[in-house]
Amino acid sequence: MVETKLSFEELLHEKFVTADAIPEKFALPGEINQREYLSNGEMKQWNGTVHPVYSPICVNTPEGLQRKLIGSYPICTEAEAAEALDAAVKAYDNGRGEWPTMNVAQRIACVAKFTAKMLEQKDIVVKLIMWEIGKSYADSVKEFDRTVEYINATIDALKGIDREASRFEGEQGIVAQVRRSPLGVVLCMGPFNYPLNETFTTLIPAIIMGNTLLFKPPKHGTLLHYPLLQAFQECFPKGVVNTIYGRGNTIVPGLMQSGKIDVLTLIGSSRVANELKKLHPKVNRLRAILGLDAKNAAIITPKADLKQAVQETVLGSLSFNGQRCTALKIIFVHRSIAHAFSKQLSEEVNKLKIGMPWEPGVALTPLPEPGKPAYLKDIIDDAVAHGAKVVNENGGVTVESLVFPAVLYPVNDQMKVYREEQFGPVIPVVPYDDLETPIQYLIDSTHGQQVSIFSYDKNEVASLIDPLMNQVSRVNINCQCQRGPDVFPFTGRKDSAEGTLSVVDALRSFSIRSLVATKLNDANTQLFNDIVSENLCNSLSRKYIF
Ligand code: G3H
């Protein structure tokens with residue numbers, strides 16, 4: 001009998017299993033049909049239109065591959081968004097509300113209580129990350145754990161800031177106590193690629209500093225927040241955390257136009273951030289803390305350890321299928337080694353396991369954005385039309401949401417992929433003759449997040465660090481670009497970011513230094529001492545948090 005070998009497409013097709021072959025350990029308990037949302041301290045019922053949530057994970061059915069329906073969530077209107085805004089404004093109450101005037105120790109206690117309740121929901125939240133955005137189970141667990149670590153580190157950092165602030169400073173006959181105060185009402189929107197972690201790296205610092213919040217979950221990655229709503233309700237005073245659901249372009253513009261949003265924090269596209277900022281009537285009142293687009297480059301010189309450069313490029317460009325803002329999205333390689341590099345890179349890419357998120361060791365998984373496979377095909381076709389080749393076997397082969405990575409070589413400035421942020425499994429390799437080429441690329445780029453330099457020549461590395469430090473905000477030497485460790489500053493230049501995030505920087509970003517000052521004389525000293533010793537005030541206090 002002649003065995004017919006399956007084509008790569010057929011192999012990819014087989015990765016999607018039938019419904020009854022989904023391992024029980026990773027299955028959801030059933031469809032999750034969310035019909036409530038948290039606003040003004042209440043879980044409000046929603047009887048209107050809903051958005052069906054289809055997983056990027058398809059099931060193999062007699063009718064072919066079908067994205068699995070995992071649940072639905074409310075599509076609320078401008079009216080519910082306006083109610084949530086009113087609740088946040090009322091809870092802030094011009095800085096006189098219970099939450100913004102609560103002392104730091106009490107606010108920390110609320111966040112710690114929330115964290116304990118969040119941990120109780122770990123199993124379902126992790127599964128929803130996996131089912132909603134196709135992230136591998138292992139990485140979904142990591143995302144949850146990293147978020148809890150971030151919250152705990154934030155609590156510790158705030159204790160440190162508050163301890164420092166418990167002293168008085170004297171200068172030129174004036175004595176003052178300098179503290180950090182909240183900014184007001186924060187509109188918080190997170191991205192689909194780290195729907196829990198990146199959302200919470202802005203949401204938690206925003207609330208712990210005493211602000212009140214309107215929170216819109218990302219379009220892909222909404223349901224995973226549902227199991228946490230009750231914890232928000234139980235741990236914070238009413239109106240401090242309000243959720244808004246619905247089409248962003250319907251419900252968000254009105255919020256901005258109201259002029260009642262004090263801080264916009266968004267991890268997403270610079271286009272959306274620009275449009276929203278322009279809608280606010282009081283430009284000087286609005287603060288923005290933004291993590292936006294990036295097109296991080298790797299620069300690989302003949303003095304690099306080629307094997308290491310290949311390994312880091314694979315990690316940097318393909319972790320979570322390249323759907324990271326910090327991913328390496330363009331690889332400049334010196335022409336003398338470009339061919340060898342592309343060959344080794346192709347070999348390593350082709351060793352990666354593609355499959356369902358629950359498979360052990362899986363590296364490449366289904367893509368959540370329904371239009372993404374077609375977009376990736378378009379940029380691959382465009383590169384090929386302009387002279388590049390897909391150099392790895394099966395590169396770009398697509399079945400439904402599974403796209404096998406394409407290594408494109410040689411890429412030039414005529415191709416879309418040279419400038420566009422692909423945010424997916426496509427690796428463009430550009431040969432260069434002179435280091436000025438990648439330096440000029442970064443100068444001309446509208447982005448300025450990070451860069452990776454691969455070389456072990458001390459003079460060469462040193463000569464690149466200085467010009468590149470002024471183009472981007474992090475220069476990585478012989479390693480991929482990344483956000484972590486989370487205590488390091490995470491920001492970018494140009495269209496890549498506004499403000500700085502990190503455990504400590506985020507606390508600063510969501511607050512303003514305010515001080516109580518007086519002329520140093522006996523009467524004022526007596527007055528301050530009385531207020532402090534009798535604990536009459538939260539802002540003028542020597543209370544020390546351990
Ligand atoms: O999408 C951007 C994330 O901040 C990247 O974080 O570099 O730790 O994966 P990461």
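I take helices and strands as DSSP runs, numbered from the N terminus. The model I am looking at is predicted.

**Entry 1: Thr301**

I looked up Thr301 and found it in a loop, with β13 (296-300) on one side and α11 (306-318) on the other. Is Thr301 buried or exposed? I count Thr301 as buried because its relative accessible area is 0%, and the cut-off for buried is under 20%. Its side chain has a polar contact with the side chain of Glu460, at 2.7 Å. I then listed what Thr301 touches, leaving out residues up to four places away in sequence: His334, Ile337, Tyr432, Leu435, Phe454, Ser455 and Glu460.

**Entry 2: Met118**

Next I went to Met118, which sits in helix α4 (residues 104-120). Met118 has a relative accessibility of 0%, so I put it down as buried. Which residues does Met118 touch, not counting those up to four places away in sequence? I found Phe144, Thr147, Val148, Ile151, Leu196, Phe200 and Leu228. I also checked Met118 against Gly64: the two are 54 residues apart in sequence, and their C-alpha atoms are 38 Å apart in space.

**Entry 3: helix α13**

I checked the length of helix α13, which covers residues 372-385. Its 14 residues, at 1.5 Å a residue, should span 20 Å, and the end C-alpha atoms are 20 Å apart, so the two values agree. The expected span is 1.5 Å times one less than the number of residues.

Which residues of α13 are buried? I noted Lys372, Pro373, Leu376, Ile379, Ile380, Asp382 and Ala383. I then looked for what covers them. The cover includes the strands β15 (389-390), β16 (398-399), β17 (402-403), β18 (406-409) and β19 (426-432), and also the helix α14 (416-419). After α13 comes Gly387, with a positive phi near 110°.

**Entry 4: the two domains**

I looked up the domain assignment of the protein chain, which gives domain 1 as 31-291 and domain 2 as 296-489. The C-alpha centres of domain 1 and domain 2 are 31 Å apart. How many residues of each domain are in contact with the other? I have 21 residues of domain 1 in contact with 21 residues of domain 2.

The area buried between domain 1 and domain 2 comes to about 1900 Å², and carbon and sulfur atoms give 61% of that. On the domain 1 side, Arg67, Arg146 and Phe192 supply 26% of the area that domain 1 buries against domain 2, more than any other three residues.

**Entry 5: polar pairs between the domains**

I turned to the polar side of the interface. Between domain 1 and domain 2 I have 7 residue pairs in polar contact. How many salt bridges cross the interface of domain 1 and domain 2? The rule finds 3. I also noted a salt bridge between the side chains of Glu198 and Arg483, at 2.6 Å from N to O.

I then asked which elements give two or more residues to the side of domain 1 that touches domain 2. They are the strands β4 (50-61) and β5 (64-74) and the helices α5 (122-133), α6 (137-165) and α7 (197-208). The largest share of that side comes from α5, with 4 residues.

**Entry 6: backbone angles**

Most residues other than glycine have a negative phi, and most peptide bonds are trans. I looked for departures from this.

The peptide bond that joins Tyr409 and Pro410 is cis, with omega about -10°. Pro410 is in the loop between β18 and α14. A cis peptide bond also runs from Gly484 to Pro485, where omega is near -10°. I place Pro485 in the loop between β22 (474-477) and β23 (493-494).

For positive phi I noted Asp93, at about 50°, although it is not a glycine. Asp93 lies in the loop between α2 (78-92) and α3 (98-101). Asn94 has a positive phi of about 55° and is not a glycine either. Asn94 is found in the loop between α2 and α3.

Last, I looked up how exposed this pair is. Asp93 is at 37% relative accessibility, so I count it as partly exposed. Asn94 is at 73% relative accessibility and therefore counts as exposed, the cut-off for exposed being over 50%.

Notes:
Residues numbered from 1 in each chain as written. Predicted model: local features only at pLDDT ≥ 70, side-chain atom pairs only at ≥ 80, totals over all residues. Heavy atoms only, no water. Buried < 20%, exposed > 50% of the residue type's maximum accessible area, 1.4 Å probe, protein only. Polar contact = N/O pair within 3.5 Å; in protein donor to acceptor, adjacent residues only side chain to side chain. Contact = heavy atoms within 4.5 Å. Domains from an automatic or database assignment. Buried area = accessible area lost by both parts, 1.4 Å probe. Salt bridge = Lys/Arg side-chain N within 4 Å of Asp/Glu carboxyl O.
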